[in-house]
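What follows is a guided reading of a structure, meant to be taken with the coordinates open alongside the text. Please look the structure over once before going on.

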Amino acid sequence: MHVSLALLLTAGVLIACGIYLVLERTLSRIVLGFVLAGNGVNLLFIVAAGPIGSPPFEGSGDPESMTDPLPFAMVLTAIVISLGITAFGMALAYRAWQLFGHDEVPDDVEDRRVLRRRRRRSEDAERLPWSQALSEEARRGAIAHSQGLGTGEDEDPLGSDLTSAEDVPQDATEADEGDADSLREAMRRRREHRRGDAAALRHEIRDRTSDEEDI
Amino acid sequence: MELLLALPVMLPLLGAAITLLLRHHTRLQLGLAVVTLVAIFTIALLLAWHVTQHGVLVLQIGNWTPQLGIVLVADRLTALMLTVSSFVTLAVLVYSSAQSVSENVERTPVAIYHPTYLTLVAGVSMAFLAGDLFNLYVGFEVLLASSYVLLTLGGSASRVRAATTYVIVSVLSSVIFLSAIAAVYAAAGTVNMAELAVRLDGLEPGTRMILELMLLVAFAIKAAIFPLSAWLPDSYPTAPAPVTAVFAGLLTKVGIYAILRLETLLFPFSQISNLLLAAAGLSLFIGILGAVAQTDLKRVLSFTLVSHMGYMLFGIGMVTQLGMAATIYYVAHHITVQSTLFLAAGLIEHRGGTTDLIKLGGLQKLAPLIAVLFFIPAMNLAGIPPFSGFIGKVGLIEAGIAYDRTSGWILIAVSVLTSLLTLYAIAKIWNRAFWQEPSEEIIARDVPTPRVMTGATTAMIAFSLALTVFAGPLMTYADEAAHSVLQRTPYVGAVLGDEAAGDLRYRIDDQGQRVDNGITQLDGAAQEVGG
């Protein structure tokens with residue numbers, strides 16, 4: 001089988017760059033990495049299509065000299081799919097940015113728990129060297145500490161890290177954001193929009209206010 | 001009759017489109033979704049009946065030749081998977097409908113829930129029915145894309161966090177799968193599975209192995225097999241209970257189904273069966289250790305899910321008919337029981353307000369019905385006789401004894417140990433959530449449990465009990481399915497014609513020996529590994 005070296009090399013470079021980006025910590029770069037890697041893989045399909053031939057139109061020539069059209073059909077499908085997934089990935093990154101102010105991928109919850117437990121055990125012993133801390137943020141904190149910009153001795157560097165899943169409020173949604181007034185404002189607008197649901201909304205507002213009282 | 005094959009994919013997609021248009025009418029949406037799933041369940045039963053009577057069904061879409069066009073194939077295995085999955089999705093949908101009368105209603109945007117759910121069902125059916133690798137990939141993508149949306153319903157902080165890892169890992173596995181398809185096409189010139197079965201037999205062992213490993217990694221990420229399973233316990237527990245139930249029950253099983261096809265149809269008796277067994281053992285043991293260490297109900301269940309994937313891989317790794325049959329039965333059992341457990345966890349969360357085992361307590365007195373609904377599937381999962389989990393595990397262990405190799409004996413020991421540790425993890429949940437002294441908060445929080453939720457959970461339990469009661473006929477069915485899967489000729493013959501099926505080089509006989517052109521190689525696996 002003839003293989004185009006140029007195509008193969010391009011695919012290799014694209015995939016390598018893609019993998020490099022996927023290893024980054026922010027979601028938007030990871031999404032870009034997948035776009036690159038996906039394009040590289042699509043080129044692999046074109047390599048798999050074999051040598052270059054004439055356009056595969058019915059009756060336009062000798063079928064033997066035509067390019068194999070099947071891989072191109074697959075590439076088209078793959079492109080459409082990756083378009084959708086990329087859009088979702090970007091939306092997810094944007095939502096993370098809205099909620100946390102950054103779109104860093106969180107550490108594994110178990111890893112953090114193990115680290116925390118070890119810290120608790122060695123509380124009286126010396127602090128962990130910075131290379132053993134897990135997260136980028138903790139590392140930054142440790143560097144700042146070593147340069148005398150540090151936070152208080154008893155402050156947990158993990159506490160400042162928003163990527164810890166435990167710091168995140170459980171299941172607060174967009175509706176929970178903002179103060180109660182704006183929420184009621186939104187409710188009123190929705191009520192005008194749909195009068196039929198008035199009872200349900202009143203129930204909802206009662207729930208909200210009782211939630212606030214709990215807090 | 002063949003046209004029925006398209007319906008499990010077409011109907012939910014059509015339903016998704018219509019429910020999306022009806023986004024302001026929640027009740028209508030729900031009704032339509034339920035009707036669609038009931039229709040699919042009926043079709044799956046019909047298909048199962050037809051397949052047992054008349055053999056493998058094939059639909060060539062647009063009458064293209066199988067090597068070029070899209071083919072949908074249903075054999076016994078597919079029909080069983082479709083039946084179980086459509087029942088589970090139906091029960092979970094009914095369960096989730098009650099959440100609109102519970103307090104969680106404002107937190108989930110119901111408008112997109114039903115369309116996405118139906119798309120997920122379409123993706124799952126497509127993956128089961130796909131007759132070619134690329135269509136399998138598209139099925140995977142459809143179900144994954146819907147799972148991304150379902151996992152981030154509401155876009156809350158914890159869900160966005162959990163989904164980030166999940167999306168990255170899933171997309172990575174898709175990229176690996178896609179490049180594997182490109183490699184397969186370059187090597188064999190087709191992506192149709194039946195044609196591949198014929199052509200891959202003639203390839204060099206090295207090339208075969210690379211192709212197989214690439215596909216295996218892609219599928220194993222989806223099935224959450226041990227070294228590739230770290231994403232699962234972090235991403236599943238934050239989703240709403242019904243969504244987690246469907247994910248836990250179905251998505252990983254689609255991966256296992258793909259591995260089963262890979263190891264039997266495409267690469268029969270490959271060189272890597274020891275690798276599969278090792279992965280199975282590690283999944284079993286490390287997964288269950290994770291479950292024992294957890295203090296959150298949903299996380300414990302997620303880790304037992306990772307662990308029990310090992311049982312199914314154990315059966316696949318042995319490649320004997322007994323092992324395959326036990327695996328097929330176990331898959332059906334596990335889809336049901338794991339989904340039921342997550343539904344029960346949803347009930348507990350509804351009553352107790354949390355799934356944290358330290359905060360829960362006293363539910364046995366406060367909510368005896370929930371206690372029963374949790375107890376039965378939990379015992380089933382742990383493999384206490386007479387439930388289906390016990391039957392499946394006994395089948396696997398019997399197959400392991402018949403297999404009679406060192407790896408088989410080690411795996412038997414690990415699976416017995418895992419079963420015990422599962423019981424321990426379950427007992428821990430039971431002690432904490434049901435027997436522990438309840439806090440004031442839980443006693444004060446007297447929320448009525450909607451009948452629909454308990455009803456749907458009861459229906460799932462009834463289904464799992466039916467798997468126990470009809471274990472005899474089902475095992476026979478699974479045995480026939482395993483036989484036809486290992487023979488390969490029924491599948492290939494139905495898609496390409498009997499002539500092509502004659503070109504198959506390898507098949508596996510009842511004793512799990514590899515047959516090469518009709519010559520039985522004694523201890524074929526050992527020779528393969530040595531060579």
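This is a predicted model: local features need pLDDT of at least 70, side-chain atom pairs count only at pLDDT 80 or more; totals for chains, interfaces and linings use all residues.

Helix H11 (residues 273-293) of chain B and helix H12 (residues 297-318) of chain B have axes that come within 7 Å and cross at roughly 160°. Because angles over 145 degrees count as roughly antiparallel, H11(B) is classed as roughly antiparallel to H12(B). The crossing in which H11(B) passes H12(B) is left-handed. On the side of H11(B), the residues that make the contact include Leu276(B), Ala280(B), Leu284(B), Ile288(B) and Ala291(B), while H12(B) contributes, among others, Phe303(B), Val306(B), Gly310(B), Leu313(B) and Phe314(B). Sorted by class, the residues of this contact comprise 15 nonpolar, 9 polar and no charged.

Most residues other than glycine have a negative phi, and most peptide bonds are trans. Val319(B) is buried, with 23 other C-beta atoms within 10 Å. Asn63(B), too, has a positive phi without being a glycine, here of about 55°, and it is found in the loop between strand S1 (57-60) and strand S2 (71-74) of chain B. Is Asn63(B) buried or exposed? With 6 other C-beta atoms within 10 Å, Asn63(B) is exposed, because a residue with 12 or fewer such neighbours counts as exposed.

A further backbone feature concerns a peptide bond: Pro385(B) and Pro386(B) are joined by a cis peptide bond, with omega at about 10°. Pro386(B) lies in the loop between helix H15 (368-382) and helix H16 (388-403) of chain B.

Taken as a whole, chain B contains 23 helices and 5 strands. Its radius of gyration is 22 Å, close to the 24 Å that the globule rule gives for 531 residues, so chain B is as compact as a globular protein of that length. Along its principal axes, the C-alpha trace of chain B spans about 70 × 55 × 40 Å. Of the 531 residues of the chain, 63% count as buried, and among the contacts between residues at least 6 apart in sequence, 78% join residues at least 24 apart.

One buried position can be followed individually. Leu486(B) is found in helix H20 (residues 471-487) of chain B, and it counts as buried because it has 24 C-beta neighbours inside 10 Å. Between Leu486(B) and Leu11(B), which are 475 residues apart along the chain, the C-alpha atoms are separated by 31 Å.

Chain B also meets chain A, with 31 residues of chain B in contact with 39 residues of chain A. On the side of chain B, the elements that give two or more residues are helix H5 (133-151) and helix H6 (157-188), and the largest share, 16 residues, comes from H6(B). The residues on this side of chain B divide into 17 nonpolar, 8 polar and 6 charged.

Within chain A, helix H1 (residues 5-22) and helix H2 (residues 27-48) have axes that come within 7 Å and cross at roughly 160°, so that H1(A) is roughly antiparallel to H2(A). The crossing of H1(A) and H2(A) is left-handed, and their contact has 19 nonpolar, 5 polar and 1 charged residues.

Note on methods. Residues are numbered from 1 along each chain as its sequence is written. Chains are lettered from A and ligands numbered from 1 in the order in which they are written. Axes are lines fitted to C-alpha atoms, for helices over the stretch in contact, and angles run from 0 to 180 degrees between N-to-C directions. Helices (H or I, at least four residues) and strands (E, at least two) are DSSP runs, numbered from the N terminus. Angles under 35 degrees count as roughly parallel, over 145 as roughly antiparallel, 65 to 115 as roughly perpendicular and the rest as oblique. A crossing is left-handed if the near helix is turned anticlockwise from the far one by less than a right angle, and right-handed if clockwise. Two residues are in contact if their C-beta atoms, placed from the backbone, lie within 7 Å. Ala, Val, Leu, Ile, Met, Phe, Trp, Tyr, Cys and Pro count as nonpolar, Asp, Glu, Lys and Arg as charged, and the others, Gly among them, as polar. The radius of gyration is taken over C-alpha atoms; the globule rule is 2.2 Å times the number of residues to the power 0.38. A residue is buried if 20 or more other C-beta atoms lie within 10 Å of its own, exposed if 12 or fewer, and partly exposed in between; C-beta atoms are placed from the backbone.
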